[in-house]
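Please look at the structure below before reading on.

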Amino acid sequence: MATKVDVLCVEDNEDFLRFLSHSFNKLEQPVRYDLKRSGQEALQALNGGQGSAGIPRMILLDLNLPGLSGFDVLKEIRANSRWRHIPVVVLTSSSDPRDIELAHMMGANAYLSKPSTLAELRSLLESTCRFWLEHHVDRDKWN
């Protein structure tokens, strides 16, 4: 049985996937993560498909994905009662105000631009994970 993950990362860029993996492995507090290269792979993982590690505590989602876009994935996540409580942090290269507004309207919890250095990425992951994994309270589960 696979280990439950804290963060599901959905990213198709191989170089950025390596940067994410390296940065996660350098965090002060260990974070269990899973990397998916497409929206389809991410939804399969959430549905308990092969190689699934269960429902993550947070999703890092790129918008520019092959096949299903990040917006399509976000729409599916927010429409599913099993997943809608999961914080979704968009981590993308787009700084288009229309993308930012649409992501928030569709239910993204945060919208972050991809940093340009490994040090910046590690710092961003450290603060993002600290906030969403250590300090976030899921109010939906109270109801």
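What kind of unit do strand 4, helix 4 and strand 5 make? Strand 4, helix 4 (residues 97-105) and strand 5 form a right-handed β-α-β unit. Right-handed here means that, with the strands pointing away from the viewer, the path from the first strand over the helix to the second runs clockwise. Helices (H or I, at least four residues) and strands (E, at least two) are DSSP runs, numbered from the N terminus.

The model is predicted: local features need pLDDT of at least 70, side-chain atom pairs count only at pLDDT 80 or more, and totals for chains, interfaces and linings use all residues. Residues are numbered from 1 along each chain as its sequence is written, and side-chain values use heavy atoms, with hydrogens and water left out.

**Strand 4 and its partners**

Strand 3 (residues 58-61), helix 3 (residues 70-79) and strand 4 also make a right-handed β-α-β unit. Strands are paired if DSSP finds at least two bridges between them. Strand 4 is parallel to strand 3, with 3 bridges, and Leu61 is opposite Val90. Strand 4 also runs parallel to strand 5 (residues 110-113), with 4 bridges; Val89 has Ala110 as its bridge partner there.

Buried means under 20% relative accessible area, exposed over 50%, and partly exposed in between (1.4 Å probe, protein chains only). Because 5 of the 5 residues of strand 4 (residues 88-92) are buried, the strand is largely enclosed by the rest of the structure. In a regular strand the side chains alternate between the two faces of the sheet. In strand 4, Val88, Val90 and Thr92 are buried on one side, and Val89 and Leu91 on the other.

**Arg78**

Arg78 belongs to helix 3 and is buried, at 17% relative accessible area. Contact means heavy atoms within 4.5 Å. Beyond its neighbours within four places in sequence, Arg78 touches residues including Trp83, His85, Val88, Met106 and Asn109.

**Aromatic rings**

Rings of Phe, Tyr and Trp (its six-membered ring) pair if their centres lie within 6.5 Å; planes under 30 degrees apart count as stacked, over 60 as edge-to-face and the rest as tilted. The whole structure holds 2 aromatic pairs, tabulated here.

| Pair | Centre to centre | Angle between planes | Class |
|---|---|---|---|
| Phe24 and Tyr33 | 4.7 Å | 15° | stacked |
| Phe131 and Trp132 | 4.7 Å | 85° | edge-to-face |

Phe24 is buried at 2% relative accessible area. Phe131 is partly exposed at 45%, whereas Trp132 is buried at 12%.

**Helix 5**

Buried residues of helix 5 include Leu121, Leu125, Cys129 and Trp132. Among the elements covering the buried residues of helix 5 are strand 1 (7-10), helix 1 (14-25) and strand 4.
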